[in-house]
Amino acid sequence: MSTATEVMQASEERMKKAVGSLMGEFQTIRTGRANPSLLDRVEVEYYGTPTPLKALANIATQEGRTLVIQPYDKTGLKDIEQAIHKSGLGLTPNNDGSVIRINIPPMTEERRKEMVKMVKKFGEESRVAIRNIRRDAGDQLKKLKTELNLSEDDMRSQEESLQKLTDKYVKEIDKHVADKEVDVMEV
């Protein structure tokens, strides 16, 4: 049997993970600058197995606008190049036989607006996740109320604490979303 404190601690831990997940999503959103994490979601068909690109190559930034991908195994160059084309990131890899270079062009205003929509979508998904965690915790607290015969005042106090926790993380998500929007719209 868990206590109300344990329910609150577990909920806060899950909320922190939801915010961390949002930050991971934001790393994959293109701004105007070259960032190796843009390629985090790219998987390469390597010897018949989908393998994350970062496990097959060193990815570095060069001169702020160019990504340089240096595969550990040169025979995988073509596979890496194809995976980048298929990724839907809108990037064009240039294979020179030993490394792949990707020039990150400045984004158009229209593309920036699309990216902002993605940022907002990821933010909303995170807010929904936080609210689902709150709902689950509320259900657990209601079960505890009957199991432990908590008073109405104790129950109300726990629910208020849960709401404050929820508000704190929703506010944190809103701040991250606003910061990322500014980052994306920056020319």
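## Nonpolar cores

A nonpolar core is here a set of buried Ala, Val, Leu, Ile, Met, Phe, Trp, Tyr and Cys residues that are joined through side-chain atoms within 4.5 Å. In this predicted model, the largest such core holds 20 residues, of which L39, L53, L67, I69, I80, I84 and I102 touch the most other members. At least two residues of this core come from each of β1 (43–46), α2 (53–56), β3 (57–62), β4 (66–71), α3 (77–86) and β6 (100–103), and α3 gives the most, with four residues.

Another core, of 19 residues, lies apart from the largest one and includes M15, L22, F122 and V170.

## Contacts of I102

When residues up to four places away in sequence are not counted, I102 touches L39, R65, T66, L67, I69, I84, L91, T92 and P93. Among these contacts, L39, L67, I69 and I84 are, like I102 itself, listed with the core residues that touch the most other members.

## Helix α5

Helix α5 covers residues 152–185, and because its 34 residues at 1.5 Å a residue should span 50 Å, the 49 Å between its end C-alpha atoms agrees with that expectation. The buried residues of α5 are M155, Q158, L162, L165, T166, Y169, V170, I173, H176, V177, K180 and V184, and the buried residues of this helix pack against α1 (4–27) and α4 (109–148).

## Largest pocket

The largest pocket has a volume of about 180 Å³, and its lining is formed by T28, I29, R30, L38, R41, V42, S87, G88, L89, R111, M115 and M118. Sorted by class, this lining has six nonpolar, three polar and three charged residues.

Conventions
Residues numbered from 1 in each chain as written. Predicted model: local features only at pLDDT ≥ 70, side-chain atom pairs only at ≥ 80, totals over all residues. Heavy atoms only, no water. Expected span 1.5 Å × (residues − 1). Buried < 20%, exposed > 50% of the residue type's maximum accessible area, 1.4 Å probe, protein only. Contact = heavy atoms within 4.5 Å. 1 Å grid on protein atoms, 1.4 Å probe; cavity = no way out; pocket = protein on both sides within 12 Å on 5 of 7 lines; lining within 4 Å. Points joined across faces, edges and corners; volume = space filled by probe spheres on them. Nonpolar A, V, L, I, M, F, W, Y, C, P; charged D, E, K, R; others polar.
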